[in-house]
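Dear colleague,

I am passing on the model that we talked about, together with some notes on what was found in it.

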Protein chains: 2
Amino acid sequence: MPRNRQSEDSILRKISDSFRSASWNAGQSVALGIGDDAALFRPKRGHETILTCDWFLEGTHFFRDKHPADAVGWKCLARALSDVAAMGATPRCFLLSLALPETHTGPWLDQFLGGLRRASRRFQCVLAGGDTTRRNEILINVTVVGEVRVGYAVLRSGAREGDIIYVSGKLGEAELGLQMLQREKALASKKNPLLRKHLYPEPRLELGRWLAEKKIATAMIDLSDGLSSDLAKVCTASGVGALLDHDQFPAVRVPHSLRRKVNESLQLALHGGDDYELLFTAPPGKLPSLPRKRKNLRIYPIGVVTSGPNMVYYDPGNPFILRPRGWDPFRKKL
Amino acid sequence: MPRNRQSEDSILRKISDSFRSASWNAGQSVALGIGDDAALFRPKRGHETILTCDWFLEGTHFFRDKHPADAVGWKCLARALSDVAAMGATPRCFLLSLALPETHTGPWLDQFLGGLRRASRRFQCVLAGGDTTRRNEILINVTVVGEVRVGYAVLRSGAREGDIIYVSGKLGEAELGLQMLQREKALASKKNPLLRKHLYPEPRLELGRWLAEKKIATAMIDLSDGLSSDLAKVCTASGVGALLDHDQFPAVRVPHSLRRKVNESLQLALHGGDDYELLFTAPPGKLPSLPRKRKNLRIYPIGVVTSGPNMVYYDPGNPFILRPRGWDPFRKKL
């Protein structure tokens, strides 16, 4: 392997050059980007600043030999943006902390930056700064900064008894996509929609913003760890319970060739992670304002908020109490 | 070793409980802290938001068996705050991304949070959110958010020919402290000032803010990688050179018992990292406004800005061109 001894400066230059063409930021929020001690951005009047950060670590959240570099770049930003969507806010800029082996400062870094740049442009979120260092493993941390009108952020704590629970999209697709990736050697099927959902998730920024601006949602969260874990967080924060309705449950359809056990579809939908769909609650009175689709994205009612404390999955033949069994790095062995 | 299986929730609770007593934030900037999808903070009118993030990684920036946990907690925040100081800004809040082995979620985490809380209170920077995950190695990333009046941030690019170059404090002390730590088995000498400078650095927030508010500094940077590397960044950004004056150079005094080679003191001062002092430039006309000390912190003139392009260290007996030889993770083998 050719030696490719880079200095930190040259890597920073590569990163900032890669984002220089982001002309759609011209004259906008970021007053000072990469290259000084810190970045500066100009907050809009009457808005609160929203802050969120996310680990994206090789071996924990992705695998060097399984995940294409451009998907790593896209996803590290997309998943942080999903938290912004879940508050009903608008992203403005992000900081990238990147630790890399020297072997990955060439083509891998270029492809990574390509995916990151596509996500950055797509979701109008400018690279404003960051930190790089050398490391045997690829470590990524992304901080996203955004804004929301004062009083309009949607928290986890606002769900009330009688509210209807909704999700966007089908559940369990990304987990099934991950299983496909793990089983298959080649990445030939990058166009497969399940695989795409795992590799290139779409943060539901438009939906989140709309629900917040119209004051429709009483509580909201993004589905990153899995429905059972994420709904539990809303229930705990709001001091409520939930009753999920089997009849309406938008579980992923598992293709016959991938099916391994009974009920696989439901298990994936209840506990599978990485969907980055939105789960929100809204009073029944808001039903008329809620279309079945919003800009081509299906919205499914999945149950109602109860006085609690349990989450119950109501399948008439087999009702059960739903426990959080989604992704938890401190419970799961890797 | 006792099994101590924690879930991510319980670790988040430990962290947020640890910072609950931060009552000095009451009613201030952070409108929503830990526990939702993202944090919210209220920017002050007429101010820009400043953003910076910093890796602090086991094996790269600290060692599990050498560095006390409370020093890891203090320093991960202090070094990120140093970037805020270098812009002349005021910190408001920070996000903590923490990856830990399960074995470190007990006493180690408590001590780490103790050091972090002390730094947080001391520098009035509130914990606003973060992300935790499990990992074999201790990985830390800190994002600090602050603010500065529009037009008052001090950049690296403002140095002009004829400006005087200043630094706060003595140079090379932290590097010498690190050497002491590496040579000594026990941590008995935690009160040693050199060791303290390495373990518990003090970001020069007061000085930075004062220099910015009074419009004294034309350019500023914090000394994290070492003078030779950090001054080079100012020179590059400003398109200038520098002439350093041997006679006035505030190099660390190396105690006789620690001395190993000739010129060690100067080498430490020129290339040693982690001092977190400020380097700034100011026109000669500002000399009368600059005291020798500011709130007990010495300020040393160390040279002048030249038309460039080189940095020259002027020792009448042995003048030489100074090259950046401070810390660079992509050049140094660990």
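Two strands are said to pair here if DSSP finds at least two bridges between them, and helices (H or I, at least four residues) and strands (E, at least two) are themselves DSSP runs, numbered from the N terminus. This is a predicted model, in which local features need pLDDT of at least 70 and side-chain atom pairs count only at pLDDT 80 or more, while totals for chains, interfaces and linings use all residues. Residues are numbered from 1 along each chain as its sequence is written, and chains are lettered from A and ligands numbered from 1 in the order in which they are written.

I begin with strand pairing between the chains. Strand β3 of chain A, residues 47-57, is joined to β2(B) by three bridges, and the two strands run antiparallel. Within this pairing, T49(A) has F41(B) in β2(B) as its bridge partner.

The wider interface comes next. In total, 53 residues of chain B are in contact with 53 residues of chain A, where contact means that the C-beta atoms of two residues, placed from the backbone, lie within 7 Å. Among the elements that give two or more residues to the side of chain B that touches chain A are α1 (8-18), β2 (39-41), α2 (69-85) and β4 (90-100) of chain B, and β3(B) gives the most, with nine residues. The residues on this side of chain B divide into 25 nonpolar, eleven polar and 17 charged; Ala, Val, Leu, Ile, Met, Phe, Trp, Tyr, Cys and Pro count as nonpolar, Asp, Glu, Lys and Arg as charged, and the others, Gly among them, as polar.

How are the two copies related? The same surface serves both copies, since 100% of the contact residues of chain B recur in chain A.

Chain A by itself has eight helices and 14 strands, and its C-alpha atoms fill a box of roughly 65 × 50 × 35 Å, taken along the principal axes. A compact globule of 334 residues would have a radius of gyration near 20 Å, and the 21 Å of chain A agrees with this; the radius is taken over C-alpha atoms, and the globule rule is 2.2 Å times the number of residues to the power 0.38. Buried residues make up 54% of the 334 residues in chain A, a residue being buried if 20 or more other C-beta atoms, placed from the backbone, lie within 10 Å of its own, exposed if 12 or fewer, and partly exposed in between.

Some backbone details remain. Most residues other than glycine have a negative phi, and most peptide bonds are trans. A cis peptide bond, with omega about 5°, joins G308(A) and P309(A), and P309(A) lies in the loop between β12 (297-306) and β13 (311-314) of chain A. In chain B, a cis peptide bond likewise joins G308(B) and P309(B). N296(A), in the loop between β11 (293-294) and β12 of chain A, has a positive phi near 75°, and this residue counts as exposed because it has 5 C-beta neighbours inside 10 Å.

With best regards
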